[in-house]
Amino acid sequence: MATILVNGMKREVQASGDTPLLYVLRNDLQLTGPQFGCGLAQCGACSVLLDGKEIRSCTTTLTAVGTKEVTTLEGLPARWAHQKGLPAAESEKTLHPVQQAWIEEQVPLCGFCQNGMMIKATELLERNASPSVADIKTAFSTGVSAHLCRCGSYTAIIAAVQFAAMQMKGAAR
Amino acid sequence: MNSQNHTSVYGAALSRRGFVKTGGALLVGFGMAGTGVLEKTAKAATTMRNTLDASLPESWIEIHPDNTILIRTGKSDFGQSTTFTAYRQIVAEELNASFDAITTVVMGDTDRTPDGSGAFDFLGSGTPNIRKAAAYTYQALLDLASQRLNVPKNAISVKDGVVSGGGKSMTYGELIKGQQLKLTIPVKGDLTSPMGLTVDGNPPMKAVKDYTVIGKSFRNSVTALKVAAKEQWATDVRLPDMLHGRMVHPKSLGSTLVQVGTLDKSKFPNAQVVVKANLVGVVAPTEWEAIKAAEQVSASTKWKDWKGLPGHARLFDFLRRDADWTTTKVTQSQKSKDDVSSAMSGAAKKLTATYQMPFIKHAPLGPTMAMADVRKDGTVYIYTHNQNPQALRGEIAMMLSTQPDNIIVRTFSGPGHYGRSNGGNAGAEDEAVILSKAVGRPVRVQWMRPDDFQWSTQSPASMSDVEIGLDANGKIAAYQIDHYMPAMQDDRPIGAVLAGLPTMAAPNEKGVFIGSTVNDIQDPWVYDGAVNIAERGHGTYQVGEHSSPLTVGLRDHSLRTPGQFQQNYPRELAITEAAALAGADAIQFRIDHAKAGSTDGERAINVLKSVRDASGWETRSTRASDSGTVLRGQGVSLMFRSATYWACVAQISVTPATGAITVEKVTVAVDPGIVVNPMQLKRQVEGGTVMGVSITLFEELQFDESGIITRDWRTYPILKMSEIPEIKVVLLNRPEVGTYGGGSEAANALAAPAIAGALFDATGKILRRLPLKPEYVQAALKA
């Protein structure tokens, strides 16, 4: 049994310490935003934020999570509300600007990879408020592995990250 | 008030089944018409449980008293967006209702949708089933309005779901409120066949000039759900008392089971092994235990060794020398002449060449999975992500020697797999059924990444021999092409094959349509200025299938733009080479060979001119004159598919020292006739282009004599974001064409001949095989 901090809440889970976080999130906590794409940290479909850093939940064990905070796709609206000092109820009604941008730009085709893409975009924009196209391409193509999209939504993702950046800067003023 | 009132509506029958006090709805179901073949279908469909049919109040389209509308389609959307955008637009248009009035789209579930068929040809060359169903419904609504408003049908006008006539108005909701109505429309076909049912007849349809909804960029209604993690994916389905399953697939594509490994119960106390012939699976209450237990069992399971594949390095030698092309009927395109040899022999210049395309994986981003619940009463529920749930139903019924009546398939969002399951199975459904039946509990089978690369089907390799003769004026005097490709559509569920359970036959020369080894000509000839043409298709069995004790070998399945990709790539690259031989510009050469004065020729010329203008193409009759360490070049391709004309220009740079190609810009011009949804079409074209560049630069199935070596994203790299070109999409809306062509396929096939043509332009060296990997490019440049 272990206790982990997920989307601002402490959660007790029965899984053994060597269980990859992905299965704990999906099966024990019903947080199904992260998807199983490879189990090998090669594609990014399972990404979550761990203390704000994008990691692959398919190869990160429960033990490795320890006391760090996990943020999943489901937790992005509350993360944004918290960062902006908005009332918690606000996050019930609105999405994170990254999620809004994904709708605005109609990014997903099948959408299976987009959990990881939105998590990566959030990590990037929290560190770099005005990424260039080159910055965006680098962020999504390096690290543990590139974030892969088989449907080919990369051009839409670049447009959406730029759109989200504008929205987030606007909100900061 | 039970009087039945039948009205004929362009061959459909409207019956009013009496009045009810509250609620009420216009429910449009379907009925069976015709004789002969259709009667057989009618009988099968009307007696099938758990399927919508004419005698039931379920429907294609429901109009509710609150003015909301629900539509149902058997076609499953896997990212094409069509069912959530174009279908809603089409129905809204035919009903004269607003797009937003259509609040619910039900798709794919075999017990909740009417028509079946696969996730292809969504727009049916302009008239998908849902359009006709809507057109029939509209006529029925006009009839109702005529009675209620007491004015002739032709004196009624409708706007945004409000009918007006004789100085009175009422909404559709008010019109149908308190009534139970059923419209019966004619349908033909076989529900669980790959093509499903087709709505018949010719209801009047709205004139294109009157369109107000089609042509606008409506958003995909499922996007917001997916983005907010509120969509239920197939991967999310959980049932009470379920077990997680993992498969232990054979060591090779021909390995039979010698001895199953022993499960270490001290480590995996709750796991269980299921064996049926050569099918081995492991189930456990938790997913992690199932994964680890399957790994342990796999490590100690003994399989017979098998070597029966040529290996990828020898593939084309095998196809040339060893494959049997003699037993399958040679096909010929309609425009082909039997013999072009005299025209060829009189040619002033000649190109003779062979082009090769490797096996390519569909490579969905998520490995296939399914949940099955085989119940004690024999009913089977399958929860999956499937492009053809009704066909799956038929296949599972055959596997279990039961009736399709007993099988219910629910389909959910899942990773796009680009045609792999449009013949009925995505890979894991049958295995989940076998395991569930064995353990008497619901079982969720999730393939791991290597399972998906090594045990799924692939797009078949092909090779094409081309001969082009040019006359003294540099025009095509004769064109001859022979396409060779193993069977493309093996719909046998792999678990059923391994378990020795009944399946359809493997593709063979006696099979008809899908299931045949016949290689049809899929790539329509678009250069009607040249008339001495001969296009032939040669088919054979799947590689390794006959020598494999498992009868599997390299199983194939259609991949986005199936067959046509394999045929368009050699043709278009050969046309580029012919243009160079003629000393002509590659785009102008194409324009000069399209038939001016004909509608088709004019559309082909128009897309070529559009792509030329939009791409910054340099019109020149000689190749690029770059020198130095990086060379630049341009290439073009042209295709006609699903009533749509496509032209593509690729601009690349290549570093001869390394053989590395950078695709700098791809421009695509597309004329589908009527553009239904510009935003969604643009996204489809961008996505297809990225997939096409990926296939062109990187993708090739690696296999040895025993099986597939490709096992993950390192051994099967696809394009990364940092590698994408600038993509420019030019949408050519041509309402005068009168139909909406398909736009969610085809774009993936355009880049390959354009990029290979650009490599030729840049270097003067032609590489007639895919992919254009650095080592192959380097070898070609040294040759």
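Predicted model: local features only at pLDDT ≥ 70, side-chain atom pairs only at ≥ 80, totals over all residues.
**Where the chains meet**

Let's start with the contact between the chains. Chain B brings 42 residues to it, and chain A brings 43 residues. On the chain B side, three helices each supply at least two residues: H5 (223-227), H6 (287-300) and H16 (678-697). Which of them gives the most? That would be H16(B), with 9 residues. Sorted by class, the chain B side comes out as 20 nonpolar, 12 polar and 10 charged residues.

**The domains**

| Domain | Residues |
|---|---|
| Domain 1 of chain A | 2-72 |
| Domain 2 of chain A | 74-172 |
| Domain 1 of chain B | 5-227 |
| Domain 2 of chain B | 234-304 + 368-446 |
| Domain 3 of chain B | 583-782 |

In chain A, the C-alpha centres of domain 1 and domain 2 lie 19 Å apart. Their contact takes 22 residues from domain 1 of chain A and 18 residues from domain 2 of chain A. On the domain 1 side, strand S3 (47-50) and strand S4 (53-56) of chain A are the elements that give two or more residues. By class, that side of domain 1 of chain A has 8 nonpolar, 11 polar and 3 charged residues.

In chain B, 21 residues of domain 1 are in contact with 21 residues of domain 2. The domain 1 side of this contact in chain B has 6 nonpolar, 12 polar and 3 charged residues.

**A sheet in chain B**

Now for an open sheet of 7 strands in chain B. Reading across, the order is S16-S17-S14-S25-S22-S23-S24, and the pairing is mixed. Which strands sit at the edges? Strand S16 (272-276) and S24 of chain B do, each pairing on one side only. On average, neighbouring strands of this sheet are turned by 25° against each other, direction ignored.

In general, strands of a sheet pair through backbone hydrogen bonds, and they do so either parallel or antiparallel. Strand S14 (residues 243-247) and strand S25 (residues 443-446) of chain B pair in the parallel sense, over 3 bridges. B:Leu243, for instance, has B:Val443 in S25(B) as its bridge partner.

Helix H9 (residues 389-399) of chain B touches strand S23 (380-384) and S24 of chain B, and its direction makes about 145° with that of S24(B).

**One residue up close**

Let's finish with B:Ile407, which lies in strand S24 (residues 407-411) of chain B. Is B:Ile407 buried or exposed? It has 31 other C-beta atoms within 10 Å, and 20 or more count as buried, so B:Ile407 is buried. Leaving out residues up to four places away in sequence, B:Ile407 touches B:Val380, B:Arg393, B:Ile396 and B:Ala397. B:Glu545, on the other hand, is 138 residues from B:Ile407 in sequence and 29 Å away in space, C-alpha to C-alpha.

Methods. Residues numbered from 1 in each chain as written. Chains lettered and ligands numbered in written order. Contact = placed C-beta atoms within 7 Å. Helix = DSSP H or I, 4+ residues; strand = E, 2+ residues; numbered from the N terminus. Nonpolar A, V, L, I, M, F, W, Y, C, P; charged D, E, K, R; others polar. Buried ≥ 20, exposed ≤ 12 C-beta atoms within 10 Å, placed from the backbone. Domains from an automatic or database assignment. Pairing = 2+ DSSP bridges. Axes fitted to C-alpha atoms, helices over the stretch in contact; angles between N-to-C directions.
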